[in-house]
Amino acid sequence: YCEHGLGHASTLQRRFGSWHEALHRAGLRPSRSRIGISDTELFENLRDIWTRLARQPSYAEVKAPLSQFSNGTYENRFGTWSEALSRFVEWVNQGETESTSPPPVRDEPRPSSMSTVRRTRREINGRLRFSVLVRDGFTCRSCGYSPLKRPGFELEVDHIIPWSKGGETVPENLEAKCERCNNGKSNAFEV
């Protein structure tokens with residue numbers, strides 16, 4: 001603005017209180033993230049991205065239009081993208097009690113007496129997927145790996161009793177699995 005405007009940027013800052021307010025009043029978007037973004041705002045934004053993608057977002061995906069804040073904002077606040085994800089998981093799990101802690105890692109699927117009449121759809125929507133990942137502590141229930149321990153490692157949400165064997169798409173029949181464990185399981189479980 002100082003090079004091409006009719007005055008100096010400081011004139012607008014004095015008139016409107018801040019450069020961001022001047023841009024807002026002119027109907028323009030700020031060219032950089034605003035100052036004073038809270039951790040909660042960053043985590044809520046990350047939760048929204050994760051829910052929309054139905055998986056953990058990669059570093060490169062944290063940008064407009066999917067994200068309100070750039071990946072650099074997370075790096076500047078937390079030091080690294082991995083640390084931002086680690087702090088996000090802590091924030092998501094904040095306030096949980098012992099009774100809502102993730103279930104222990106199992107070797108065998110849980111038996112169930114689910115009926116063959118379908119009550120739910122096979123597809124797992126983003127909101128349900130995210131709630132299962134939170135419940136399971138963002139950790140594969142079979143091998144224990146987590147995206148926080150291995151960058152680039154992604155989790156899936158899978159039916160414990162396969163859909164093809166009568167399993168329903170309900171939280172009690174869903175669990176977090178890494179791609180390797182999920183592909184290895186297939187629908188081989190016998191009801």
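Okay, let's start with a cysteine. Cys140 has a relative accessibility of 0%, so it counts as buried. This is a predicted model, by the way, so keep that in mind throughout. Which cysteine sulfur is closest to the sulfur of Cys140? That's the one in Cys143, at 3.6 Å, which is too far for a bond. To be called a disulfide, the two sulfurs would have to sit within 2.5 Å. Cys143 itself is partly exposed, with a relative accessible area of 28%. And for the structure as a whole, the disulfide count is 0.

We've got 7 helices and 2 strands. Reading from the N terminus, the order is α-α-α-α-α-α-β-β-α. The protein has 191 residues, and 36% of them are buried. Now the contacts: take those with a separation of 6 or more, and 63% of them are between residues 24 or more positions apart.

Which residues of α5 are buried? They are Trp81, Ala84, Leu85, Phe88, Val89 and Val92. Looking down the axis of α5, those buried residues fall within an arc of 140 degrees, so they line one face of the helix. If you want the background, an α-helix has 3.6 residues a turn, so residues three or four places apart point the same way. And what do the buried residues of α5 pack against? Three other helices: α3 (39-53), α4 (71-78) and α6 (126-135).

The largest nonpolar core has 31 residues, and Tyr74, Phe88 and Phe138 have the most contacts inside it. At least two residues of this core come from each of α3, α4, α5, α6, β1 (155-159) and β2 (174-178). Which element gives this core its largest share? It's α5, with 6 residues. As a general point, nonpolar side chains in soluble globular proteins tend to be buried together.

Let's zoom in on Phe88. It's buried, with a relative accessible area of 0%. Leaving aside neighbours within four places in sequence, Phe88 is in contact with Phe43, Leu46, Arg47, Trp50, Phe130 and Phe138. Some of those names come back when we look at the aromatics: Phe43, Trp50, Phe78, Phe88, Trp91, Phe130 and Phe138 form one aromatic cluster.

So, aromatic pairs. There are 12 of them in the structure. One of them is Phe43 with Phe88, a tilted pair with 6.2 Å from centre to centre and 55 degrees between the planes. Phe43 lies in helix α3 and Phe88 in helix α5, so this pair ties together parts that are 45 residues apart in sequence. Phe43 is buried too, with a relative accessible area of 4%.

Then there's Tyr59 and Trp81. Their ring centres are 6.1 Å apart and the planes are at 75 degrees, so that pair is edge-to-face. Here again distant parts of the chain are linked: Tyr59 is in the loop between α3 and α4, Trp81 is in helix α5, and they're 22 residues apart. Are these two buried or exposed? Tyr59 is partly exposed at 32% relative accessible area, whereas Trp81, at 12%, counts as buried.

While we're around Tyr59, have a look at Asn71. Asn71 is in helix α4, and it's buried, with a relative accessible area of 17%. Not counting residues up to four places away in sequence, Asn71 touches Tyr59, Ala60 and Val62.

Two backbone details before I stop. First up, the peptide bond from Ala64 to Pro65 is cis, with omega near 5 degrees. Pro65 lies in the loop between α3 and α4.

The other one is Phe138, in the loop between α6 and β1. Phe138 isn't a glycine, and yet its phi is positive, about 55 degrees. It's also buried, with a relative accessible area of 1%. And remember, Phe138 was among the residues with the most contacts inside the largest nonpolar core. That's the tour, thanks.

Notes
Residues are numbered from 1 along each chain as its sequence is written. This is a predicted model: local features need pLDDT of at least 70, side-chain atom pairs count only at pLDDT 80 or more; totals for chains, interfaces and linings use all residues. Side-chain values use heavy atoms; hydrogens and water are left out. Buried means under 20% relative accessible area, exposed over 50%, partly exposed in between (1.4 Å probe, protein chains only). Helices (H or I, at least four residues) and strands (E, at least two) are DSSP runs, numbered from the N terminus. The arc is that of the directions from the helix axis to the C-beta atoms. Contact means heavy atoms within 4.5 Å. A nonpolar core is a set of buried Ala, Val, Leu, Ile, Met, Phe, Trp, Tyr and Cys residues joined through side-chain atoms within 4.5 Å. Rings of Phe, Tyr and Trp (its six-membered ring) pair if their centres lie within 6.5 Å; planes under 30 degrees apart count as stacked, over 60 as edge-to-face and the rest as tilted.
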